[in-house]
Amino acid sequence: MGGAVAVAGTAVLAREELGRLWWRLPGVERKRVEGELDNKGAEWTAASPSNWRRADRPGDFPIDRVVIHVTQGSYASALKVFKDPSHGAAAHYVVRKDGHIAQMVRELDVAFHAGNRDMNERSVGIEHEGFVDRPQDFTAEMYEASARLTADICHRYAIPVDRQHIIGHVEVPGTDHTDPGKHWDWPRYLRLVRAARTKLG
């Protein structure tokens with residue numbers, strides 16, 4: 001009986017995996033346009049293909065989280081390392097202090113940003129220029145632009161605007177990161193996201 005249950009469980013897992021991989025069959029893959037944006041306010045700057053995995057989200061993996069990061073460096077340095085194939089990580093977006101946004105990975109693909117496979121598969125990662133111990137790095141322009149971006153993501157994937165679904169990198173299971181840190185103003189940020197989300201209808 002135990003063996004039969006194990007076989008049945010394996011078959012279910014195999015079907016789920018096949019369901020996620022159907023789009024890789026010849027002639028099935030979704031058409032892609034180089035430089036296409038998911039958020040119209042962003043600028044396309046491609047991350048190295050070594051730092052993300054091709055997917056077809058939300059068809060193969062549902063998107064139900066936004067993960068907030070801080071770069072621990074400049075906007076330029078974040079773009080540079082995410083373009084480096086030896087780095088092994090990239091976020092979908094990077095937000096500069098003046099509110100400018102770069103999109104580096106398509107949302108349908110899995111960016112290696114959270115240090116946790118399950119979270120990578122289910123989330124969109126947003127990096128913010130600056131350092132966790134410098135509250136002055138988190139400007140009004142940055143908060144506002146990031147909040148509009150997060151609201152747009154939540155709108156498109158029906159993600160609730162709350163702290164269970166919009167989380168910090170520090171809250172990802174198994175992570176050793178501390179960002180966005182104690183100076184990230186979560187009440188302010190969630191207020192801005194909710195206001196922007198309301199405007200989207």
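**Close-up views**

**View A. Arg57 and His92 meet through their side chains, in a polar contact of 3.2 Å.** A polar contact here is a pair of N or O atoms within 3.5 Å; within protein, one atom must be able to donate a hydrogen and the other to accept it, and residues adjacent in sequence count only if both atoms are side-chain atoms. Please keep in mind that this is a predicted model, in which local features need pLDDT of at least 70 and side-chain atom pairs count only at pLDDT 80 or more, while totals for chains, interfaces and linings use all residues. Residues are numbered from 1 along each chain as its sequence is written, and side-chain values use heavy atoms, with hydrogens and water left out.

View B. Look for Pro180 in the loop between β8 (166–168) and α5 (186–199). Helices (H or I, at least four residues) and strands (E, at least two) are DSSP runs, numbered from the N terminus.

**View C. Gln72 and Ala158 are non-glycine residues with a positive phi.** For Gln72, phi is near 60°. This residue lies in the loop between β3 and α2 (75–82) and is partly exposed, at 43% relative accessible area. Ala158 has a phi near 55° and belongs to the loop between α4 (140–157) and β8. Ala158 counts as exposed, since its relative accessibility is 67%.

**View D. The structure contains six aromatic pairs.** In one of them, the ring centres of Phe138 and Trp184 are 5.3 Å apart and the planes stand at 75°, so this pair is edge-to-face. Phe138, in the loop between β7 (123–128) and α4, and Trp184, in the loop between β8 and α5, are 46 residues apart, so to speak a link between distant parts of the chain. Rings of Phe, Tyr and Trp (its six-membered ring) pair if their centres lie within 6.5 Å; planes under 30 degrees apart count as stacked, over 60 as edge-to-face and the rest as tilted. Phe138 and Trp184 are both buried. Ring pairs also gather Phe138, Tyr143, Trp184, Trp186 and Tyr189 into a cluster.

**View E. Arg163 lies over the face of Trp186, 3.7 Å from the ring centre.** Arg96 lies over the face of Tyr75, at 5.0 Å from the ring centre. A charge sits over a ring if NZ of Lys or CZ of Arg is within 6 Å of the ring centre and within 35 degrees of the ring normal.

Methods: Buried means under 20% relative accessible area, exposed over 50%, partly exposed in between (1.4 Å probe, protein chains only).
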